[in-house]
Amino acid sequence: ARSAILVNGHRHLVDTTLIPLGDVHLRAHRITLDSRADQVIADEGSAPLGYDAGGVPTIQPDAGWLFLHFADNAVGIRPLVGYSTAPQAVAGSANSVYGHNLVAVLRAAPLNPHHDLICAVYAGGLPDAAKLPRIEQVGWEPDGRFVVRVNGEQIAVPPLEG
């Protein structure tokens with residue numbers, strides 16, 4: 001999908017590719033910044049992990065991932081390309097189901113005029129990093145295709161039209 005995003009009066013273009021891989025999905029963003037923008041920062045987050053008042057979620061780094069889990073639910077994020085910080089847990093705002101939640105977050109700062117951001121995101125039961133898809137190669141080819149090699153298999157997404 002291609003989107004124009006307005007931030008602080010600047011129009012940035014973002015091409016996004018999502019590839020589902022079971023409890024994991026790959027998010028790839030190719031960003032072209034408005035030439036008039038200065039010092040743009042991008043944050044990327046997992047789904048929120050909700051928990052009850054008095055509950056204590058677990059924060060678990062594992063093989064480049066940051067997993068957050070409570071009861072039998074977990075979320076996580078792993079940077080692959082373009083992020084400037086390691087993942088961290090950030091308190092989210094209350095929602096209609098849970099009064100408390102955490103989000104696993106990555107940051108890219110500052111963005112280059114043309115910047116690629118690629119990460120893997122997890123949502124499911126308690127994770128076993130050794131059993132998650134093995135992401136071996138990711139990126140855009142010169143012809144505009146997005147290519148990922150997962151568990152020895154190549155997936156190629158054609159370039160966006162226009």
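Asp34 counts as buried in this predicted model, at 12% relative accessibility. The salt-bridge partner of Asp34 is Arg36, with the closest N and O atoms 2.9 Å apart. Arg36, by contrast, counts as exposed, because its relative accessibility of 57% is over 50%.

**Salt bridges**

The count of salt bridges comes to seven. Three of them are listed here, including the pair just described.

| Arg | Partner | Closest N to O |
|---|---|---|
| Arg36 | Asp34 | 2.9 Å |
| Arg134 | Glu136 | 2.8 Å |

Arg107 is partly exposed, with a relative accessible area of 35%, and Asp43 is partly exposed at 47%. In the pair of Arg134 and Glu136, Arg134 is partly exposed at 49%, and Glu136 is partly exposed at 36%.

**Asp15**

Strand β2 (residues 10–21) contains Asp15. Asp15 is buried, because its relative accessible area of 18% is under 20%. The side chains of Asp15 and Arg2 are joined by a polar contact of 2.6 Å. Leaving aside residues up to four places away in sequence, Asp15 touches Ala1, Arg2, Ala28, His29, Arg30 and Leu160.

**The hairpin of β6 and β7**

Strands β6 (residues 58–62) and β7 (residues 65–70) run antiparallel and are joined by five bridges. Asp62 has Trp65 as its bridge partner in β7. Two residues lie between the strands of this hairpin, and Ala63 takes a positive phi near 55°.

Definitions and conventions. Residues numbered from 1 in each chain as written. Predicted model: local features only at pLDDT ≥ 70, side-chain atom pairs only at ≥ 80, totals over all residues. Heavy atoms only, no water. Pairing = 2+ DSSP bridges. Helix = DSSP H or I, 4+ residues; strand = E, 2+ residues; numbered from the N terminus. Buried < 20%, exposed > 50% of the residue type's maximum accessible area, 1.4 Å probe, protein only. Polar contact = N/O pair within 3.5 Å; in protein donor to acceptor, adjacent residues only side chain to side chain. Contact = heavy atoms within 4.5 Å. Salt bridge = Lys/Arg side-chain N within 4 Å of Asp/Glu carboxyl O.
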